[in-house]
Amino acid sequence: MAKARAQSRQAEQLVIHEDEMKEEEEEFFDESGDPLEESGRTMDSSDEEIEQAVAEDIVRFEDSFVGINKRYRLINRIGEGTFSTVYKAEDLEYNSFENEWDIDDRESKKWSSPARRRRPSKRPHYVAIKKIYVTSSPMRIFNELELLHDLKFSDSVCPLITAFRHLDQVVAVLPYFQHRDFREYYQDMTIADMRLYFRSLFTALRSVHAKKILHRDVKPTNFLYNPQQARGVLVDFGLAEREETDWHQCACTLPPEERRYKISHSVWAQTLQSGNQPSSYPKSDVRSSRRANRAGTRGFRPPEVLIKCTQQNTSIDIWSAGVILLTLLSRRFPFFHSADDIDALLELTSIFGKKKMRDIALLHGQVFETNIPSYSDGGHSLEKIILWCTGRTSSDKTQKKIELGDDEKEAVQFLYRLLECDSAKRITAEEALRHPFITKAFEDSEADEDAVDLVAE
Ligand SMILES: Nc1ncnc2c1ncn2[C@@H]1O[C@H](COP(=O)(O)OP(=O)(O)OP(=O)(O)O)[C@@H](O)[C@H]1O
Ligand SMILES: [Mg+2]
């Protein structure tokens, strides 16, 4: 077994080279993987049973990263993403350092005597070691580590403990967070469970957004949730960026008057005036094509990213959280499954309708047209979509109309605020935490505590 082999291996000195990382070209307009390719681990992934291939991978990693096994005992591979491989490991030098990041330790020592608090901890402490692929550009790696460092004491964000580099290999060390694979529970979550899930997720987003940071890749595998504790942490800041990075003027931030003027004097408006169909284009269009950051995961990108808004802000994460809620309410994962951005726009059109997509495109100085006849102008209500997805429709017109339950209706009201196509009107994380859908989660937990008090008395 790799574990045994790892333990028997000679502990070597950890070598951390301080020389400059070499520059390398990066394809900035990158995207992460398909939602179906995601990794995710259960809470009980055993330390003992690991596959032969994983054991060999661990040995290879230890061989290449000289000295790592002096500080950490690698246990298992817990994630394989687009940009990294993540391992669970035991922190062998836990007691030699201050561990401000360890919330559980802080909690457990809160009521202990000062002498006991100073005593070294005997139980094992686990970390997640994120081995960032060497093909990632140094700028990307630096960006992830720097943002994580800035978010060190942020609520519900998985903090960075430390990071090491050996030659061109960089590893980030994070506290190991016990969680369950989203696919194991998304079909069984009650509305009360969803309130708790989103209370935790929006707490994380509030702290990230307060620092004017966009996560850009909010999705179930990047929010590690422990249903038993109703607690989750946001991970994976590999695509995150500071607001206003590479901003260029987009029509969406112009005063409405100015925007209307621009639209009415655009090439599109002139084409319409000349009597041509809106779907016709100038033969030789000399305008340069628009570039905007579209990093993120297919199916979780908001309309403004698909439309290439050049002034994207933290509201893009709110949309992605909305896609998670839609997934939970519809019991469909992944909910959206497009091959590319055009396909993704069409998926949104089938729900929100052609009119809204046209309006949103114009808001960002773009034109949206489709000649697919099956798309209606008005789209469909989210209530209807959830009823369809959960098989609660009937073609029998004589029967009573099937409706969502009261709790579900409240969830859908919240969902409308998250999946608001106009990003300026979308709810913020701070406001979301004050929405009745979330505040009820606080009321529910208070009621539970009261019940426990009564039993105790
Ligand atoms: N702190 C942690 N505790 C427990 N598991 C973790 C931790 N960090 C990451 N993981 C596991 O590793 C997976 C991949 O981590 P992460 O998202 O940071 O890497 P990635 O390469 O950017 O992944 P992807 O491309 O799939 O988004 C997570 O989905 C999770 O299952
Ligand atoms: Mg990830």
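**Entry 1: α8 against α12**

I looked up where α8 meets α12: M194, F198, L201 and L205 in α8 touch D317, A321, L325 and L328 in α12. Contact here means C-beta atoms, placed from the backbone, within 7 Å. Helices are DSSP runs of H or I with at least four residues, numbered from the N terminus. I note that this is a predicted model, where local features need pLDDT of at least 70, side-chain atom pairs count only at pLDDT 80 or more, and totals for chains, interfaces and linings use all residues. Residues are numbered from 1 along each chain as its sequence is written, and chains are lettered from A and ligands numbered from 1 in the order in which they are written.

By class, I get seven nonpolar, no polar and one charged residues in the contact of α8 with α12. Nonpolar covers Ala, Val, Leu, Ile, Met, Phe, Trp, Tyr, Cys and Pro; charged covers Asp, Glu, Lys and Arg; the others, Gly among them, are polar.

Next I checked the geometry: the axes of α8 and α12 are 12 Å apart, at an angle of about 165 degrees. Axes are lines fitted to C-alpha atoms, for helices over the stretch in contact, with angles from 0 to 180 degrees between N-to-C directions. So α8 is roughly antiparallel to α12, a label for angles over 145 degrees. The crossing of α8 with α12 is right-handed, with the near helix turned clockwise from the far one by less than a right angle.

**Entry 2: α8 on its own**

In α8, 14 of the 20 residues are buried, meaning 20 or more other C-beta atoms within 10 Å of their own. Just past α8, I spotted K212 with a positive phi of about 55 degrees.

**Entry 3: α12 against α16**

I then followed α12 to α16 (residues 406–418), where the axes come within 9 Å and cross at roughly 150 degrees. So α12 is roughly antiparallel to α16 as well. This crossing is left-handed, the anticlockwise case. Among the contact residues I listed W319 and G322 of α12, and E408 and L415 of α16. The classes here are nine nonpolar, one polar and one charged.

**Entry 4: A339**

I found A339 in the loop between α12 (315–330) and α13 (341–352). Is A339 buried or exposed? A339 is exposed because it has 9 other C-beta atoms within 10 Å, and the cut-off is 12 or fewer.

How values were computed: Helices (H or I, at least four residues) and strands (E, at least two) are DSSP runs, numbered from the N terminus. Angles under 35 degrees count as roughly parallel, over 145 as roughly antiparallel, 65 to 115 as roughly perpendicular and the rest as oblique. Two residues are in contact if their C-beta atoms, placed from the backbone, lie within 7 Å.
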